Amino acid sequence: MQHAIRCMLMRGGTSKGAYFLKEDLPREVEARDRILLAVLGSPDPRQIDGVGGAHPLTSKVAVVSRAADAAADIDFLFAQVSVDKAHVDTTPNCGNILAGVGPFAIERELIPATPPVTKVVVRTVNTGTLAELVVETPDGRVNYEGDARIDGVPGTAAPIPINFLDAAGSVCGALLPTGNVADTIEGVSVTCIDNGMPCVVLAARTLGKTGYEAPQELMADQAFRARLEAIRLRAGPMMRLGDVAKQVVPKMILVAPPRRGGHICTRSFIPHECHSAIGVFAAVTVATACVLPGSPAHDCAVVPAGRIKTLSVEHPSGEFTVRLEVGGSEHAPVVERAGLLRTARLLFDGQVFVPAAAAAARTSGSAPRAA
């Protein structure tokens with residue numbers, strides 16, 4: 001007998017994931033993770049026996065509930081489900097999957113829709129980060145149609161502006177967890193930084209790369225990947241993350257001068273596979289590094305003038321625009337606020353089926369339906 005669990009599949013930004021109500025999954029972490037692995041079809045490089053897309057960007061989960069306190073409307077637990085390993089990582093945040101949380105919460109009637117837009121304050125449980133999402137609800141229902149376009153997604157959709165309210169140091173406890181704008185690791189100058197996503201930012205040229213290579217070319221260079229991982233493993237403890245061998249953070253970001261009219265060019269690793277674009281929080285974090293004098297990113301970037309800086313972060317499939325409000329001084333800038341634009345779309349709403357063995361340890365939520 002298989003068991004059915006309520007589930008929505010949604011595209012959030014440039015990612016895709018399975019969205020669940022918290023009450024529909026077990027409370028106990030091991031039992032919950034066993035179900036999530038079965039839902040996505042992991043471990044298997046094709047994820048042929050689940051709804052995952054055989055890639056880290058399409059092997060993600062959102063667990064959503066009403067907020068535990070008045071600081072937010074919605075609580076959101078993000079889970080990165082490994083494709084080829086039986087591992088579920090709830091350490092990081094994901095701004096792309098976050099983009100779908102507002103629409104999902106409205107669809108599941110966790111909060112009422114208020115025409116013409118509904119503002120949803122979401123707390124990411126993983127990191128404690130608060131973000132305000134603005135969802136179009138012109139007739140009391142979520143609107144998914146619109147003219148907003150983001151690179152890495154075909155077509156257009158309704159815009160979902162996201163304003164991050166307190167992202168700095170959300171995982172590591174400080175924007176610069178080592179206390180330095182630049183550190184030297186394995187002989188390479190890097191910035192260890194967390195403005196929503198722990199990242200190690202380094203100039204591509206310091207590892208013998210241009211920073212303009214296609215992801216497949218970077219993935220094929222085993223010696224380069226081994227050196228990048230050596231830096232990542234050293235950076236983990238320095239960033240207060242401990243042993244990161246089995247974690248998906250910190251992300252590794254290669255930077256180079258822009259060459260398509262943007263402000264910085266990036267190649268992002270998540271953490272071992274080169275991203276075809278760049279994640280939301282990684283884009284915010286690398287844009288933040290761009291405004292810090294002395295960082296490798298600042299040395300590569302074309303930083304716009306003014307207190308409000310709109311930075312175009314180039315990536316392999318286009319660009320990602322980040323809006324920063326910067327205070328402080330020229331030599332000691334302070335990023336006071338970060339925002340960006342995403343889109344999302346509901347793809348499927350129904351029930352996902354898992355084998356009886358995976359569901360045997362359910363300890364909470366509504367009773368599963370046999371099939």
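Analyst: Let us begin with a lining. The second largest cavity has six nonpolar residues, one polar residue and no charged residues around it. Keep in mind that this is a predicted model.

User: Which residues line the second largest cavity?

Analyst: The lining consists of P103, V142, N143, Y144, A158, I160 and A344. The volume of this second largest cavity is about 30 Å³.

User: How many cavities of 30 Å³ or more does the count give?

Analyst: The count gives two. The largest cavity has a volume of about 180 Å³. Its lining holds 18 residues. Nearest the centre are K60, M197, K251, I270 and G279.

User: Which elements give two or more residues to the lining of the largest cavity?

Analyst: Strand 4, helix 2 (95-107) and helix 5 (280-290) do. Helix 5 has the largest share, three residues. By class, the lining of the largest cavity splits into 10 nonpolar, six polar and two charged residues.

User: Now the pockets. How do I tell a pocket from a cavity?

Analyst: A probe fits in a cavity but cannot get out, while a pocket is open. Here, the largest pocket holds about 520 Å³ of space. It is lined by 21 residues, and P56, S82, D84, K85 and H272 are the closest to its centre.

User: What classes of residue make up the lining of the largest pocket?

Analyst: There are 10 nonpolar, six polar and five charged residues.

User: And what about the second largest pocket?

Analyst: About 260 Å³ of space lies there. Of its 16 lining residues, K22, R32, V63, S65 and L77 are the closest to the centre. The class count for this second largest pocket is eight nonpolar, two polar and six charged.

User: Which element gives the most to the lining of the second largest pocket?

Analyst: Strand 3 does, with four residues. Helix 1 (29-40), strand 3 (60-66) and strand 4 (74-81) each supply at least two.

User: Let us turn to strands. How do I judge whether a strand is enclosed?

Analyst: Check each residue for burial, which means under 20% relative accessible area. Then compare the two faces. Take strand 12 (residues 251-256): six of its six residues are buried, so the rest of the structure largely encloses it. K251, I253 and V255 are buried on one side. M252, L254 and A256 are buried on the other.

User: Why is strand 11 described as largely enclosed by the rest of the structure?

Analyst: Strand 11 is described that way because six of its six residues are buried. One side has P198, V200 and L202, and the other has C199, V201 and A203. Both faces of strand 11 are covered.

User: How do I read the pairing between strands?

Analyst: Look at direction, then at bridge partners. Strand 11 (residues 198-203) and strand 12 are parallel and share five bridges. Within that pairing, V200 has M252 as its partner. L202 is partnered by L254.

User: Do strand 12 and strand 13 run parallel or antiparallel?

Analyst: They run antiparallel, and five bridges join them. Strand 13 covers residues 264-269. S268 of strand 13 stands opposite I253.

User: What joins strand 10 and strand 11?

Analyst: Strand 10 (residues 188-194) pairs with strand 11 in the antiparallel sense, over five bridges. T191 has V201 as its bridge partner in strand 11. The two strands form a hairpin with three residues between them. G196, in the turn, has a positive phi of about 110°.

User: Last topic, the core. What is the general idea?

Analyst: In soluble globular proteins, nonpolar side chains tend to be buried together. In this model, the largest nonpolar core has 87 residues. F164 and L202 touch the most other members. Helix 5 supplies the largest share of this core, nine residues. Apart from it lies another core of 21 residues, including I5, L25, A79 and V81.

User: Which residues does L202 touch, leaving out those up to four places away in sequence?

Analyst: Its contacts are V188, S189, V190, L207, L228, I231, M252, I253, L254, V255 and P296.

Conventions:
Residues are numbered from 1 along each chain as its sequence is written. This is a predicted model: local features need pLDDT of at least 70, side-chain atom pairs count only at pLDDT 80 or more; totals for chains, interfaces and linings use all residues. Side-chain values use heavy atoms; hydrogens and water are left out. On a 1 Å grid over the protein atoms alone, a cavity is a set of points where a 1.4 Å probe fits but cannot get out, and a pocket is an open set with protein on both sides within 12 Å along at least five of seven lines; lining residues have an atom within 4 Å of a point. Grid points are joined across faces, edges and corners, and a volume is the space filled by probe spheres set on the points. Ala, Val, Leu, Ile, Met, Phe, Trp, Tyr, Cys and Pro count as nonpolar, Asp, Glu, Lys and Arg as charged, and the others, Gly among them, as polar. Buried means under 20% relative accessible area, exposed over 50%, partly exposed in between (1.4 Å probe, protein chains only). Two strands pair if DSSP finds at least two bridges between them. A nonpolar core is a set of buried Ala, Val, Leu, Ile, Met, Phe, Trp, Tyr and Cys residues joined through side-chain atoms within 4.5 Å. Contact means heavy atoms within 4.5 Å.
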